[in-house]
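Please open the model in your viewer and keep the selection tool at hand.

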Amino acid sequence: MLADLDRITARENADLNEKSCASRLESIRERARDLAQNVFGPRAASIDKAEIYPWENCFALRDAGFMGMTIPKAYGGQGLGYREAVVLVEEVSKACGVTGRIAVEANMGAVGAIMAYGSEKQKKIAAELVLEGDKPAICITEPESGSAATDMTTRADKVGDGYILNGKKHWITGGGVSRLHLIFAQVFENDEPQGIAGFIVVRGEPGAEGLSIGKREPTMGLRGIPETEVYLRDLHVPADMLLQPPSGIRKGFGDLMTAYNGQRVGAAAVALGLAVGAYDQAEAFIQQREQFGRPICEFQGLQWMLADMAVQISAARALINEAVNGTGFPDKMKAAQAKLFTSEMAVKVTNDALQMHGAAGYSRNNPVERMVRDARMFTIGGGTAQVLRNVIASDLLGRKFPQTREGYMAYPASKSPVDTLREKVEK
Ligand SMILES: Cc1cc2nc3c(=O)[nH]c(=O)nc-3n(C[C@H](O)[C@H](O)[C@H](O)COP(=O)(O)OP(=O)(O)OC[C@H]3O[C@@H](n4cnc5c(N)ncnc54)[C@H](O)[C@@H]3O)c2cc1C
C-alpha cells in the first residue's frame with residue numbers, strides 16, 4: 001500500500017516536473033521570439049553588411065537573462081540546462097544567425113566545460129565575464145590541424161608554478177572581441193608529453209600579453225562574428241588556470257571533448273533556426289506571389305518542396321531534442337547525429353527557400369540570401385559532416401577506426417591493408 005502511494009507520488013512529482021519544465025520552455029521561447037522579432041531581426045541585415053560584432057545584441061541577451069543561463073545559481077546564473085538553451089538558440093537564430101551563435105557560446109561550449117570541470121576560482125571568473133555579456137572563445141583549430149585536432153602543435157611547457165604557451169590558433173570565433181578563452185595545447189613537463197589540456201586565459205588582463213589576435217578571415221556568412229588567428233607567444237598561464245577534468249591531463253582531452261558535444265548541439269540549433277527562418281519567409285512568399293494568374297503556392301511543385309522542408313525541419317528538431325533530453329552533456333552519438341542531420345538539412349532548406357523566391361531570393365535585400373550563406377558553415381565548423389559520419393559509424397560498429405596511417409596499421413581490431421593484401425597473395 002505504502003509502496004503504491006510512493007509510486008503515485010513519484011508519478012505525480014514527475015508529471016509536475018514535466019509540466020513546469022514545459023511551461024519554462026514555453027516562456028523562454030516566447031521571450032526569445034519577442035527579442036528576435038523586434039530587436040535582432042531588424043538589425044540582422046546591417047550586421048551582415050557592416051561585418052561588425054553586435055555588442056548591442058549581446059547586451060540585449062544579457063539583460064533578458066540569456067547570457068550564461070546554464071551557469072549554476074551559485075555562480076549567478078539560472079542553473080538551466082541544454083534543453084532550455086536550444087530553445088533560446090533556435091528562436092534567436094530564426095532572425096539572426098550571428099546572435100544565435102553568441103547565445104550558443106554564452107551557454108554551452110567553453111562555459112559548459114568550465115562549469116563542469118573548473119575550480120571555484122575558474123568558475124567565478126568565467127561566470128562573471130559571461131554574465132556581463134562576454135561570449136567565450138574556444139581555441140582548438142590550428143592552420144595544420146583541423147579535423148585532426150590532436151595533431152595540434154601549440155605547446156604548454158610547465159615552468160615553475162605555471163605554463164608557457166606557444167603556438168598559433170586559427171578560425172577562432174570571436175577573436176578580438178571575446179575576453180574569456182579556453183585554449184587547448186599539448187602539455188610538456190621536462191620536455192615529456194603529458195597529453196592535451198585546456199587553459200583559461202582572459203584576453204586583456206595583466207599577464208595575458210602573450211595572447212594576440214592575427215588576421216581576420218573574410219567569411220561567406222555569419223559575418224558579424226570575427227573568425228581570426230590567435231597567436232600565443234610565451235603566454236604565461238598560472239597553474240591554477242589549467243582546466244583539469246577528473247581524469248587528469250593524459251585522458252582529460254576526451255572529457256573536454258565531451259563538453260564539446262554541448263557546443264555541437266548548440267550549432268545544430270543555430271542551423272535549425274536558420275532553416276525555420278528561411279522556411280517562414282518562403283511559406284509567406286509563395287502565398288502572396290502570383291504567376292500565371294494564380295498564387296504560386298497552388299503549384300504542386302512548390303507544395304511538395306514546402307512539405308519536404310517542413311518534414312526535414314521537424315526531424316532535425318526531434319534529433320536535437322533527443323540529444324538534450326537528459327542531464328549533463330549530450331551523448332556523443334546523439335550530438336553527432338543532431339549536428340550532421342541538421343546542418344545538411346539547413347543547407348538544403350535555406351537553398352530551397354531561396355529557390356521558391358525566384359530572383360527575389362537572390363537579392364541581398366532578402367534575408368533568405370543571408371540565411372543561405374549563414375547556414376553553409378554548419379557542415380564544417382565544430383566537426384565536419386564527414387568526421388561526424390566517422391563518429392557515428394564507429395559507434396554503430398562498436399569499433400575505433402584510427403584515421404592516421406600508423407594508428408590504423410597498429411590497431412589490433414582492424415586488419416591493415418597490408419594484412420589484407422598478404423592474405424590475398426597467400427591464397
Ligand atoms: C565559421 C567557422 C568557425 C569556426 N570556429 C572555430 C572556433 O571557434 N574554434 C576552433 O577551434 N575552431 C573553429 N573552427 C574550425 C573548425 O572546427 C574546423 O574548420 C573543422 O574542424 C575542420 O577543419 P579544417 O577546416 O581544417 O578542415 P580539414 O580537417 O582540413 O578537412 C578538409 C576536408 O577533409 C575532410 N576530412 C578530414 N579528415 C577526414 C576524415 N578522417 N574522414 C573523412 N573526411 C575527412 C573534411 O570533412 C573536409 O571536407 C571554425 C570553422 C569555421 C568555418
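Helices (H or I, at least four residues) and strands (E, at least two) are DSSP runs numbered from the N terminus, and the expected span of a helix is 1.5 Å times one less than its number of residues. This is a predicted model, in which local features need pLDDT of at least 70 and side-chain atom pairs count only at pLDDT 80 or more, whereas totals for chains, interfaces and linings use all residues. Residues are numbered from 1 along each chain as its sequence is written.

Select helix 8 (residues 300–323) to begin: at 1.5 Å a residue its 24 residues should span 34 Å, and its end C-alpha atoms are 35 Å apart, which agrees. Within helix 8, colour Met309, Gln312, Ala316, Arg317, Leu319, Ile320 and Ala323, which are buried (20 or more other C-beta atoms within 10 Å of the residue's own, C-beta atoms being placed from the backbone).

Next, select the ligand: 21 residues surround it, the closest being Thr141, Gly146, Ser147, Thr384 and Gln386 (a C-beta atom, placed from the backbone, within 6 Å). Strand 1 (137–139), strand 3 (162–173) and helix 12 (385–397) each supply at least two residues of this shell.

Finally, select residues 137–234, which an unreviewed UniProt entry annotates as "Acyl-CoA oxidase/dehydrogenase middle" (such annotations may be inferred rather than shown by experiment); over residues 137–234 the chain is 0% helix and 55% strand.

Technical notes: Buried ≥ 20, exposed ≤ 12 C-beta atoms within 10 Å, placed from the backbone.
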